[in-house]
Amino acid sequence: TISFNATISSCEKRGKWEKALQLFAGMSESDVELDTITFNAAISACASGSRWEGAWSLLSSMAQRKVESSTITFGAAISGCEKSGNWQNAMELVSSMEHSKVELDTITFCTAISACEKGCEWQMAVHLFKVMSENQVRSNTIVFNATISACEKGGEWEKALHLFGLMSEET
């Protein structure tokens, strides 16, 4: 399993998402154990190829196989949504994380906010920013910039200016 995981990750890092998924499929067919790390690597490969549907399918498959998902698992799937501007599914994944009691971290929130920004959904980006604060997850310059950019794309210059002021205070 470890060798497969490392090879899938290597393919993903080189942009060879198709090859990574072929290796993953080969593992399934040869009864090699699929663990959280295996799924994380395959989901990351889908995200790298902007294949959010594949990431979504793998995430569902994890639940069916009773393989535990993690913050990294969901973060990789949200990244696939972000790369394709699919803010709706990114939001659904954030909601699934909350319901599953999987920790939402700064990176996960930032990626989901960026998906909203790319989808021109400034209200959802600001909502996530507020939820992040309510959950006492620390923001950073990247989170502020993504949220400000979403407001800018939505013509919400006053909100962008307000966030800029908060950023100056917090970072």
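Hi everyone, let me start with the bookkeeping for charge: Lys and Arg count as positive and Asp and Glu as negative, while His and the chain ends are left out. On that basis, the chain carries 14 positive and 21 negative side chains. The centres of those two sets lie 6 Å apart. And before going further, please keep in mind that this is a predicted model.

Now the overall fold. What does the chain have in the way of helices and strands? There are 10 helices and 0 strands, so reading from the N terminus, you simply get α-α-α-α-α-α-α-α-α-α. As for dimensions, the C-alpha trace spans about 55 × 30 × 25 Å along its principal axes. The radius of gyration is 17 Å, which agrees with the value near 16 Å that a compact globule of 171 residues would have.

How much of the chain is buried? Of the 171 residues, 44% count as buried. The accessible surface comes to about 9100 Å², and carbon and sulfur atoms hold 51% of that. If you take the contacts between residues at least 6 apart in sequence, 59% of them join residues at least 24 apart.

Let's step inside. The largest nonpolar core has 54 residues, and I43 and L128 are the ones with the most contacts within it. Helix 8, residues 122-134, gives the most to this core, with 7 residues. If you'd like to click on L128, you'll find that, leaving out residues up to four places away in sequence, it touches M91, V94, F109, A112, I113 and C116.

Next, V143, which sits in helix 9, residues 141-153. Is V143 buried or exposed? Its relative accessibility is 0%, so V143 counts as buried. Beyond its neighbours within four places in sequence, V143 is in contact with T106, C110, I113, F129 and M132.

You'll find T108 in helix 7, residues 106-118. Why does T108 count as buried? Because its relative accessibility is 3%, and the cut-off for buried is under 20%. As for partners, T108 touches T71, G75, I78 and M97, again not counting residues up to four places away in sequence.

Definitions and conventions. Residues are numbered from 1 along each chain as its sequence is written. This is a predicted model: local features need pLDDT of at least 70, side-chain atom pairs count only at pLDDT 80 or more; totals for chains, interfaces and linings use all residues. Side-chain values use heavy atoms; hydrogens and water are left out. A nonpolar core is a set of buried Ala, Val, Leu, Ile, Met, Phe, Trp, Tyr and Cys residues joined through side-chain atoms within 4.5 Å. Buried means under 20% relative accessible area, exposed over 50%, partly exposed in between (1.4 Å probe, protein chains only). Helices (H or I, at least four residues) and strands (E, at least two) are DSSP runs, numbered from the N terminus. Contact means heavy atoms within 4.5 Å. The radius of gyration is taken over C-alpha atoms; the globule rule is 2.2 Å times the number of residues to the power 0.38. Accessible areas come from the Shrake-Rupley method with a 1.4 Å probe; for residues, only the protein chains shown count as cover. The place of a charge is taken as NZ of Lys, CZ of Arg, CG of Asp or CD of Glu.
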